[in-house]
Amino acid sequence: MIIIKTPDELVQMRESSRMAALVLDRVAQKVAPGVSTAELDDFAREEIGKLGAVSAFFNYRGYPGYICASINDEVVHGIPGTRKIRLGDVVSLDVGVTYGGFVGDTATTVMVGVSDAELIRLVRTGEEALSAAILKAVTGARLGDVCHAIESTAIAAGFSVVRDFVGHGVGRKMHEDPQIPNFGVPGTGPKLKTGMTLAIEPMINMGTSEVDVMPDGWTVRTKDRKPSVHFEHTIAVQEGSAEILTCVKKK
Ligand code: MF3
Ligand code: CO
Ligand code: CO
């Protein structure tokens, strides 16, 4: 069952989502050659704490980090550790926070002095896929319209979408109905209603769509070890155009 948030609940979702966006923004600024992903995780823990929020990831099914940090061929769920970021890397950062009983979930991929044209194009395509999906996430549309927008953007650019991991409804729990695959058929699936809150999260691969989960039980990598990018916003379905909740706003 897809939960529709009341206006009061949407106020709460705006708060938690704004915090997630703020933390993601701050962590992204810390990304540089020589910085370890564990350092980013420590910094995120502190920033989340300062806001009076909690990480939605820490201890989620035993997940040991406060954020996810996935480098190059790592798609999602990279566990922060001693590995250091290097020049030319792409680093996907995912932040989820709970505040006031609601979750905000957002991700971005940061280029670290990337000069490879195909990799730059991959990153731009990931951003474009998320924007195209958000444009479809309006009252009266079908979920398949949103999913298809991601897939068609990726395919048109000559890239592939990850099929084994999906976006999702988000609210009092990080993962609510519906699942939001990064592929789909327009005009199919549930009708979107005002007040649905969705985490839309394209994962776009340069090569094969196939992925492997590493022996740590979390880190997802592309099977061909080519790079992958990840972008995610928590949005609220509204009439005419969606409201992006995970954006940094001054209070
Ligand atoms: N934030 C991820 C998502 O976008 C889920 C991370 S689960 C974790 O759905 F345990 F790895 F943190
Ligand atoms: Co996320
Ligand atoms: Co998510």
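Donors are N, O and S atoms within 2.8 Å of the metal (3.2 Å for Na, K and Ca); water is not among the atoms, so sites may look incomplete. This is a predicted model, in which local features need pLDDT of at least 70 and side-chain atom pairs pLDDT 80 or more, while totals for chains, interfaces and linings use all residues; side-chain values use heavy atoms, without hydrogens and water. Residues are numbered from 1 along each chain as its sequence is written, with chains lettered from A and ligands numbered from 1 in the order in which they are written.

**Metal site**

- Aspartate 105 bridges the cobalt ion (ligand 2) and the cobalt ion (ligand 3), which lie 3.2 Å apart.
- Aspartate 94 lies in strand E4 (residues 90–99) and aspartate 105 in strand E5, so the pair ties together parts that are 11 residues apart in sequence.
- Helices (H or I, at least four residues) and strands (E, at least two) are DSSP runs, numbered from the N terminus.
- Aspartate 94 and aspartate 105 are buried.
- Buried means under 20% relative accessible area, exposed over 50%, and partly exposed in between (1.4 Å probe, protein chains only).

**Salt bridges**

- Side chains of opposite charge can pair when their charged atoms come close.
- The count comes to 13 salt bridges, each a side-chain nitrogen of Lys or Arg within 4 Å of a carboxyl oxygen of Asp or Glu.
- Arginine 14 meets glutamate 243 at 2.6 Å, N to O.
- That pair links distant parts of the chain, with arginine 14 in helix H1 and glutamate 243 in strand E15 (residues 243–244), 229 residues apart.
- Arginine 14 is partly exposed, at a relative accessible area of 28%.
- Glutamate 15 and arginine 18 form another salt bridge, at 3.8 Å, N to O.
- Both glutamate 15 and arginine 18 lie in helix H1, three residues apart, about one turn of the helix, and both are buried.
- Arg26, Glu47 and Lys50 are linked in a network of salt bridges.

**Pockets**

- The largest pocket holds about 490 Å³ of space.
- A pocket is an open set of points on a 1 Å grid over the protein atoms alone, where a 1.4 Å probe fits, with protein on both sides within 12 Å along at least five of seven lines; lining residues have an atom within 4 Å of a point.
- Of the 23 residues that line the largest pocket, Tyr60, His77, Val166, His168 and His175 are the closest to its centre.
- Strand E8 gives the largest share of that pocket's lining, three residues.
- The second largest pocket holds about 260 Å³.
- Its lining has 18 residues, with Leu24, Ala107, Thr108, Phe231 and His233 nearest its centre.
- Strand E5 gives the largest share of the lining of the second largest pocket, five residues.

How values were computed. Grid points are joined across faces, edges and corners, and a volume is the space filled by probe spheres set on the points.
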